[in-house]
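Visitor: I have a structure open and would like to go through it. Can you take my questions as they come?

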Amino acid sequence: MALVFDNTYARLPELFFSRTPPHAPRAPELGVFNWPLARRLGLEAADEATLARWFSGAEPPPGAEPISQAYAGHQFGGFSILGDGRASLLGEVVAPDGRRFDIQLKGSGRTPFSRRGDGKAALGPMLREFLVSEAMQALGVATTRSLAVVATGEGVAREDMLPGAVLTRVASSHLRVGTFQYAQALRDREALSTLVEYALARHAPERAGAARPAPALFDHVMEKQIDLVAAWMRVGFIHGVMNTDNMAISGETIDYGPCAFLDDYHPLTVFSSIDERGRYAFANQPRIAAWNLARFAEALLPLFADEAQAAIDLAQQRIDAFEPRFRARWIAMMRGKLGLIEAREEDGALADDLLSWMADEGADYTNTFRALAEGETEGAPFDGEAARAWLTRWRARRAAQGRDDEAGALMRANNPVVIPRNHLVEAALKAASEAGDLAPFEALLRVLARPYEMREGLERFRAPPQPQERVRATFCGT
Ligand code: AMP
Ligand code: MG
């Protein structure tokens, strides 16, 4: 069995992409390869040298039609025309079950959209995306996947010279809010309309017959984004660069640059070194998703209604619905974390008050929730006055509900034991890029494949960082 390509994006109007072949490294070497994902895509076997050539740009696989996609985006609030500056979409593979996936190389050289960049990627950040995206998948969070990391054998000039690599990203598409902003910026209404219909057919075929495709697409994307950000908050994930070019309309997490997971809980936690004002802090993520969706609605506005004011009204109603819809979704998510089977009016306050004392105590986000799930509420962070008062309320709520086994299972399924803690990720990447040692990376990857399962030997992976191990800043993988 081989990869079956069917490249529909490359059939869109030419303004949406550029046919640029990827750079061909001379001595590509396979670093990591995701065989379970390859089989999911229909690839059963291939030797390492072939995989290294296919997934480095040296020799794209049969059926590939490499292009770089055009898009725009608001980055930290400012609008720019962007595009794939270091990525090459090989094409779309139709898996044996009929599902369609984009196969994209990242770090595969300069394109017409590279601006001042070199089009390259360093090994560390590509391994980071591989590890965190696969961990997110195992955590049950919608995400792009990682098929391979291939070392190029070439150096990449950053602050130091670093080993270069190419990541193969697999996504249900790479259509972003910024793709629609691009068509709107060109004032090409027909291209915009074509793109909307394309996106609807690809991501929400059940809505494809809608009389007005643009609002139908918007509604679909908003639902997906609400689910996604609630899922991030369930596992303590901070995306770090929620620019509109990094918001996929599929609702998959995309672009693992400076992302990080919470250790101790504080709502305004930021790791990204470039996010000086905390725009993309943990608890700001819902607000930013709504802001990005407002930009999406603006891009689609000419297609919302014939008359301008009617279009604005339709868009505004939808944006106004975000906040209450998100809050309801978030409370439902927190019910899962707290083992609450049926909804009660006071659940939102119960969740808010928990987070309030967790922030005051600097409680570890992951371990505190899992301790609640395991019924281990002795000692820190549960011994403060606010924590004890809260536990009393929660236990009363649980007692009134009964169904302990069901509630326990619900909590264990929603509160991971292990997450990709920043200090462990950094240590694994350091060993790989500085010493060529992939063993810590592979060990971490294996543990993160079963994040909800309590078992022997996890102490090292569960422990919050020691003060000297703490990662204070993460960097974009450019
Ligand atoms: P990101 O922050 O990774 O989402 O990237 C934002 C924009 O910068 C996108 O248009 C990327 O293609 C582009 N970009 C990032 N790194 C590079 C690079 N090394 N060379 C060229 N373009 C890049
Ligand atoms: Mg990006």
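**Ligand sites and packing**

Guide: A nitrogen atom of ligand 1 sits 3.2 Å from an N or O atom in the side chain of Arg-86, a polar contact being a pair of N or O atoms within 3.5 Å; within protein, one must be able to donate a hydrogen and the other to accept it, and residues adjacent in sequence count only if both atoms are side-chain atoms. This is a predicted model, where local features need pLDDT of at least 70, side-chain atom pairs count only at pLDDT 80 or more, and totals for chains, interfaces and linings use all residues. Residues are numbered from 1 along each chain as its sequence is written, chains are lettered from A and ligands numbered from 1 in the order in which they are written, and side-chain values use heavy atoms, with hydrogens and water left out.

Visitor: What does Gly-119 do with a nitrogen atom of ligand 1?

Guide: A backbone N or O atom of Gly-119 is 2.8 Å from a nitrogen atom of ligand 1.

Visitor: And how far is Asp-255 from an oxygen atom of ligand 1?

Guide: A polar side-chain atom of Asp-255 is 2.9 Å from that oxygen.

Visitor: Changing topic: where is Arg-128?

Guide: Arg-128 lies in helix α3 (residues 123-139); helices (H or I, at least four residues) and strands (E, at least two) are DSSP runs, numbered from the N terminus. Arg-128 counts as buried because its relative accessible area is 8%.

Visitor: What is Arg-128 in contact with?

Guide: Beyond neighbours within four places in sequence, the contacts of Arg-128 (heavy atoms within 4.5 Å) include Gly-257, Cys-259, Glu-426 and Thr-474.

Visitor: Which residues touch the most other members of the largest nonpolar core?

Guide: Phe-180, Phe-296 and Leu-372 do, in a core of 99 residues. Such a core is a set of buried Ala, Val, Leu, Ile, Met, Phe, Trp, Tyr and Cys residues joined through side-chain atoms within 4.5 Å.

Visitor: Which helix gives the most to this core?

Guide: α6, with 14 residues.

Note on methods
Buried means under 20% relative accessible area, exposed over 50%, partly exposed in between (1.4 Å probe, protein chains only).
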